[in-house]
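Please examine the entry shown below before reading the solutions.

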Amino acid sequence: MTTAPQPTASGTTDVVLEAEGLTKHFPVRKRGRELLSKTVRSVRAVEDVTLRLHRGRVTALVGESGSGKSSVARLLAQLHLQTSGTIKLHGEEVHAKGGRKFRAYSKRVQMIFQDPFASLNPVHTVRYHLTRALKIHGRAGKTPQDLEEALYDLLTRVQLTPPERYVDKFPHELSGGQRQRVAIARALGADPEALLADEPVSMLDVSIRLGVLNLLRDLKDRLRLAILYITHDIASARYFADETYVMYAGRVVEGGDSESVTQHPAHPYTQLLIDSAPDPDRPAAEEKDGGTGEPPSLIDPPPGCRFHPRCPHAMKICSDQVPPRFDVGEGHFAACWLYGEDR
Ligand SMILES: Nc1ncnc2c1ncn2[C@@H]1O[C@H](COP(=O)(O)OP(=O)(O)O)[C@@H](O)[C@H]1O
Ligand code: SF4
Ligand SMILES: [Mg+2]
């Protein structure tokens, strides 16, 4: 049994950002008759999540909609305060909600959102967005020429070249892929160590997704960034991420190097995800319909293993006790009673 993720298969221990036992419960606003009751109900969106991001590596966090992926990213970015658990940056515990501490933290840990149109202000140019980021993070230099160089450098890094063609454009004059590149350039303006990318390509045209993912991979290699890549598409995690964690209903259920997790999935939920992912080699009629049932309510989640109402292998213990992480291979774990010692 493991209590924390093991060093990666390559032996890398250069951990940039780590979460241990990270938990977030959102209180539910009371309505009608509930106002009279004393009980406070909450959405248990993130429960006991432990994960690590390594320097120069992409870590995927995969799960269906509502499984808590964005909440994990927002906790790591300190946009939400955790209910319990710890976040450490280079081994030091982080308490950075609000004010100057938050600014110092966000210089090191930047987030990229799903919708590049919503994250860029339509009335401002690329120059404005990038200049603002450079100034906030003290990287605009001393002279106008320093600033211009820094701007061109950022645009070149995200392959918007020649930079003079893009620097004075408004968001609506750019394609979705170009806008997401500007959002990435803005994040790089802080010169961060970690990038939290929340479904960065899911709103883009299929034909340009690969280009943006390849850009992120290039940045991880060249700038040695630790990247969290959030996605509901496990096939892209295999292609793009070094390590993969799978989330179900607020909990991490499996993790390890991406090859093992996607080629030899151990957890019944991961197996279901892979079986129901579109496969270009399989006719549509043969595709499974995503298995039995729906994800559970997170206000009153099932006890024990949250997957047990949908699991074809469920046993008595599954509805009684939360399964811990069991080793299923080198640096590969599954939180599932099928792998308990006495089974
Ligand atoms: N600010 C919030 N207040 C209340 N509930 C929230 C909030 N943010 C997310 N949730 C709930 O937490 C659960 C997980 O959401 P989210 O982290 O967005 O999942 P994902 O990104 O995997 O789709 C959902 O049930 C969602 O409704
Ligand atoms: S712990 Fe039990 S219910 Fe949960 S995935 Fe494993 S076998 Fe299925
Ligand atoms: Mg999300």
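**Exercise 1: a pair between helix and loop**

Arg127 forms a salt bridge with Asp168, with 2.9 Å between the closest N and O atoms; the term requires a side-chain nitrogen of Lys or Arg within 4 Å of a carboxyl oxygen of Asp or Glu. The model is predicted: local features need pLDDT of at least 70, side-chain atom pairs count only at pLDDT 80 or more, and totals for chains, interfaces and linings use all residues. Side-chain values use heavy atoms, without hydrogens and water, and residues are numbered from 1 along each chain as its sequence is written.

Task: State which parts of the chain Arg127 and Asp168 tie together.

Step 1. Arg127 belongs to helix H4 (residues 126-136), while Asp168 sits in the loop between helix H5 (144-157) and helix H6 (176-188), so the pair ties together parts 41 residues apart in sequence. Helices (H or I, at least four residues) and strands (E, at least two) are DSSP runs, numbered from the N terminus.

Step 2. Arg127 is partly exposed at 24% relative accessibility, and Asp168 is partly exposed at 46%. Buried means under 20% relative accessible area, exposed over 50%, partly exposed in between (1.4 Å probe, protein chains only).

**Exercise 2: helix H7**

Task: Determine where the partner of Lys220 lies.

Step 1. Lys220 and Asp242 meet in a salt bridge (3.2 Å, N to O).

Step 2. Lys220 is in helix H7, whereas Asp242 is in the loop between helix H8 (234-240) and strand E9 (243-248), 22 residues apart.

Step 3. Lys220 is buried at 7% relative accessibility; Asp242 is partly exposed at 23%.

Note on methods. Chains lettered and ligands numbered in written order.
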